[in-house]
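Here's a quick tour of one protein model, put together as a briefing. Have a look at the structure first, then we'll go through it topic by topic.

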Amino acid sequence: MGCLLVLLACVAGAFAATIEDCPGYTASNVVDADGTLTADLILSGDACNIYGTDLPNLTLLVEYQTEARLHVKISDAGLDVFQVQDHIVSRPSSQNVSSSDAALQFSLVESPFSFSVTRSSSREVLFNTTGSQLVFESQYVYLKNQLPQHPNVYGLGEHSDSFRLPTENYQRVLWNSESPFIPRLSNLYGSHPNYLDHRGEAGSHGVFLLNSNGMNININQTDEGEQFLEYNIIGGILDFYFLAGPSPSDVSQQYAEVVGLPAMMSYWTFGFHQCKYGYWDVNMVAEVVANYSAANIPLETMWSDIDYMDLRQVFTTDPERFPLDKMRELADTLHQRSQQYIMMLDPGIHRLDNYSTFTRGDEKGVFLKADDGSNYRGVQWAGEVVWPDWIAPETQDWWADEISRFFDPESGIDIDGAWNDMNEASNFCPDVNCDPAQQAIDGNNPPQPTNPPRNNTGRPIPGFPGDFQPDPTLARHIQLRQAASGQMKGLPGRNLFSPQYRINNHRGDLSDYTLYTNITNSDGTHQYDTHNMYGFTMITATRNALLARRPGRRPFVLTRSTFAGAGTKAAHWFGDNASTWDDYRTSIAQLLAFAAVHQMPMVGSDVCGFNGNAEEHMCARWALLGAFMPFYRNHADISAPFQEFYLWDLVAQAARKAIDARYRLLDFAYTAMYRASTTGAPVANPLFFVYPADENTFGIDTQFFYGDALLVSPVTEDDAESVTYYLPDDVFYDFWTLEPVRGTGANVTADNVTWTDIPVHIRGGTVLPLRIESANTTAELRQKNFQLIVAPGLDGKAAGSLYLDDGESLDVGDQKSDVSFVWDGATFRAAGIFGYSTDVVVENVVILGREQPVTHQGPWSLNESFEFTLS
């Protein structure tokens with residue numbers, strides 16, 4: 001009630017000219033139990049009310065949750081300020097360790113209140129708010145942290161900037177937004193308020209702020225040259241998790257303990273995927289599949305963008321261009337060919353009385369509501385739309401029912417995964433003055449199809465049923481809601497459209513081109529506070545619906561919008577990039593941020609770019625690079641020319657080589673994915689994760705380790721046939737030739753790198769499992785035997801592992817094998833858990849590091865341990 005009275009009272013005190021004029025807080029009633037600390041924080045003087053109303057009473061909670069994790073929470077005493085709902089982002093439990101056993105130590109200054117976090121072993125200060133005042137207002141929260149000189153800070157995604165963040169005049173804005181062409185220095189599709197701070201031999205630590213409100217995070221220097229990072233947040237509380245590391249990989253895994261381990265992906269998802277917005281009928285989709293086969297380029301999964309829908313309405317098909325019976329044939333044919341099919345589902349639901357998906361949802365009351373209790377309306381592809389309230393309890397059942405109806409294997413389209421796009425959420429209404437009905441008309445949404453319907457392409461499509469052929473005979477041959485006080489739903493009386501403190505959203509005001517921020521969710525919270533989690537709640541509902549449709553099988557969901565912990569639900573692609581060399585390069589930094597810092601391992605870019613004209617040489621390079629990223633999909637916009645790999649001879653050659661290597665390495669990647677899903681170990685690593693003491697690696701974001709064994713160093717300069725890359729002080733082996741290469745901690749230049757080549761090296765000290773040969777589909781690949789490549793390190797030893805299961809079960813139980821490989825310089829041993837029965841064997845083991853590779857012939861069963869010794 002105290003907070004409410006403050007908000008309703010007249011503004012007290014003079015308006016502060018700067019944050020430095022604000023009084024800060026004084027800590028009192030400090031209670032320091034061995035594993036926890038609590039205190040009251042009282043406003044120290046007259047309220048400054050610089051961007052809102054200062055809250056006079058706060059509480060501090062400090063928990064030593066594990067030996068490596070410290071929890072620091074500053075919230076309002078009345079518990080009215082919005083806090084991220086537990087059922088959306090669950091909190092880790094505390095083990096209540098003794099502070100004397102913890103790797104991190106918390107200390108505070110009572111007046112003016114500040115706090116610091118230090119590393120127990122070295123007393124190094126990792127986070128320090130001394131010298132600046134805490135500001136905690138109704139619509140503005142400010143906290144400033146001192147950083148060391150020349151810091152190495154990574155994360156705070158999603159962005160398209162360098163992997164190591166700039167340290168002067170740099171700002172990260174967190175406000176999920178549709179972001180065509182992934183602009184630099186801008187907020188993009190996701191919000192991940194965590195960062196990793198690497199300090200070389202002193203170690204790494206992580207900082208995660210669990211807050212979903214919009215914010216500006218500034219990294220800069222004072223006039224005196226002192227480095228800092230500051231949070232400027234338009235709501236919510238300060239809910240910090242400090243992660244001790246000390247290695248970078250430790251930080252990544254500790255972050256997974258907070259937000260959840262990534263979801264394990266099915267084996268087939270590591271195959272090659274093809275999509276385009278602009279495949280205007282089902283015959284074209286089928287023909288693209290057949291063209292890949294004809295070009296001898298393996299294609300695992302075909303995708304359909306919104307083209308398939310009847311006037312862009314989800315859960316419908318265009319009856320003339322994508323008739324349901326033919327769509328069923330398409331999916332069945334793909335499955336007969338051991339291929340997969342994925343279709344898009346956008347959140348905007350057409351507001352139309354004879355549209356059953358809308359009417360069923362309206363009857364259940366699942367849509368977001370305007371202030372007058374009516375359905376909140378906006379514009380998306382289908383025209384005037386309403387949006388599901390994913391927090392409402394009835395929404396999950398409605399969404400699962402719609403998915404079950406439309407994708408029923410017996411009567412609908414038997415998909416293998418779902419694609420959630422436009423879920424930031426994107427709204428074609430430019431601002432809060434929009435008339436959705438008129439905006440839909442003015443924007444021509446939905447557009448009428450421009451291509452006339454046809455029965456077939458006029459060309460034979462090998463491998464597809466008669467309905468797809470020009471001659472069937474030929475085919476045979478060939479209301480208002482408001483939360484009560486004390487419920488952490490958000491303070492009343494706020495300006496939910498235009499807070500005094502403005503975050504630098506690149507699309508404009510908070511509500512521009514998205515859901516209006518004054519909209520109330522079913523639980524009494526507002527989009528102002530939950531906006532950044534809209535996509536997260538959608539993918540949660542989609543994942544649950546797919547699980548209900550196929551119980552026991554791993555669901556595959558691809559999402560554009562993300563929030564902290566989204567890796568527990570879905571894969572992510574880096575959005576609507578451009579067909580440019582710059583975005584090709586940027587995809588590496590994006591991979592490293594998501595896979596190594598944000599715990600989203602199944603990620604990748606639109607290969608060859610989504611917007612614009614893909615040039616042949618760039619596309620060839622991108623086909624090679626994308627093959628070494630977890631998610632590998634070619635995708636282009638309707639306005640872009642076709643860019644399927646087979647359209648250029650050069651790109652086709654590059655793709656064949658790339659996919660051949662990718663598929664031979666698929667079990668290596670699958671094993672890395674298993675490690676990520678069980679321990680949080682990254683599937684892709686920055687060089688400094690592997691060589692944390694090597695300062696030369698700290699800023700590298702044009703190379704990366706795939707897993708921890710393969711160093712990928714692509715050509716990155718425009719139209720270049722040479723590349724200069726860094727080789728740490730270690731021994732490596734050329735992946736393509738198996739020749740040893742001694743790194744010296746220096747740059748190496750490779751000339752004459754053809755358009756079908758990409759430099760890749762095996763790190764010494766690893767054992768690399770490969771299939772003996774590639775295949776056209778992952779189902780066929782699973783029948784191929786293995787070869788093991790032993791790459792001894794400088795000490796002559798090597799180790800690796802291989803994980804095997806059925807590739808799709810959500811819970812494999814004991815039906816899994818986790819085999820460890822160890823080479824001690826003379827004897828090779830394979831041991832571990834052998835619960836997955838397989839006829840596949842290890843055909844041979846190739847041992848490197850001698851004058852010539854030595855091949856030791858098997859076969860050895862993968863159902864039991866084995867070993868051999870070389871003389």
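By class, how many nonpolar, polar and charged residues does the lining of the largest pocket have? The tally is 11 nonpolar, 9 polar and 3 charged residues. Keep in mind that this is a predicted model.

**The largest pocket**

- The largest pocket has a volume of about 420 Å³. It has 23 lining residues, and R675, P682, G707, D708 and A709 are the ones closest to its centre.

**The largest cavity**

- The largest cavity has a volume of about 130 Å³.
- Its lining is made up of 14 residues, and D416, R550, R553, R554 and P555 sit nearest the centre.
- Sorted by class, the cavity lining has 5 nonpolar, 3 polar and 6 charged residues.

**Helix α13**

- Let's check the length of α13, which covers residues 649-664. With 16 residues at 1.5 Å a residue, α13 should span 22 Å, and its end C-alpha atoms are 23 Å apart, so the two values agree.
- Quite a list of α13 residues is buried, including L650, V651, A654, A658, I659 and Y663. The charged residues R662 and R664 are buried in α13 too.
- A handy bit of background: an α-helix has 3.6 residues a turn, so residues three or four places apart point the same way.

**Aromatic rings**

- The structure holds 63 aromatic pairs. In one of them, F497 and Y516 have ring centres 6.2 Å apart and planes at 80 degrees; over 60 counts as edge-to-face, so that's what this pair is.
- F497 and Y516 both lie in the loop between α8 (472-477) and α9 (527-530), 19 residues apart.
- Is F497 buried or partly exposed? F497 counts as partly exposed because its relative accessibility is 29%, while Y516 is buried, with a relative accessible area of 10%.
- Ring pairs also link up a cluster made of Y308, F315, F358, F367, W390, W398, W399, F406, F407 and Y534.

**Charges over rings**

- K326 lies over the face of F468, 5.0 Å from the ring centre.
- R633 has its charged end over the ring of W573, at 5.2 Å from the centre of that ring.

Note on methods
Residues are numbered from 1 along each chain as its sequence is written. This is a predicted model: local features need pLDDT of at least 70, side-chain atom pairs count only at pLDDT 80 or more; totals for chains, interfaces and linings use all residues. Side-chain values use heavy atoms; hydrogens and water are left out. On a 1 Å grid over the protein atoms alone, a cavity is a set of points where a 1.4 Å probe fits but cannot get out, and a pocket is an open set with protein on both sides within 12 Å along at least five of seven lines; lining residues have an atom within 4 Å of a point. Grid points are joined across faces, edges and corners, and a volume is the space filled by probe spheres set on the points. Helices (H or I, at least four residues) and strands (E, at least two) are DSSP runs, numbered from the N terminus. The expected span of a helix is 1.5 Å times one less than its number of residues. Buried means under 20% relative accessible area, exposed over 50%, partly exposed in between (1.4 Å probe, protein chains only). Rings of Phe, Tyr and Trp (its six-membered ring) pair if their centres lie within 6.5 Å; planes under 30 degrees apart count as stacked, over 60 as edge-to-face and the rest as tilted. A charge sits over a ring if NZ of Lys or CZ of Arg is within 6 Å of the ring centre and within 35 degrees of the ring normal.
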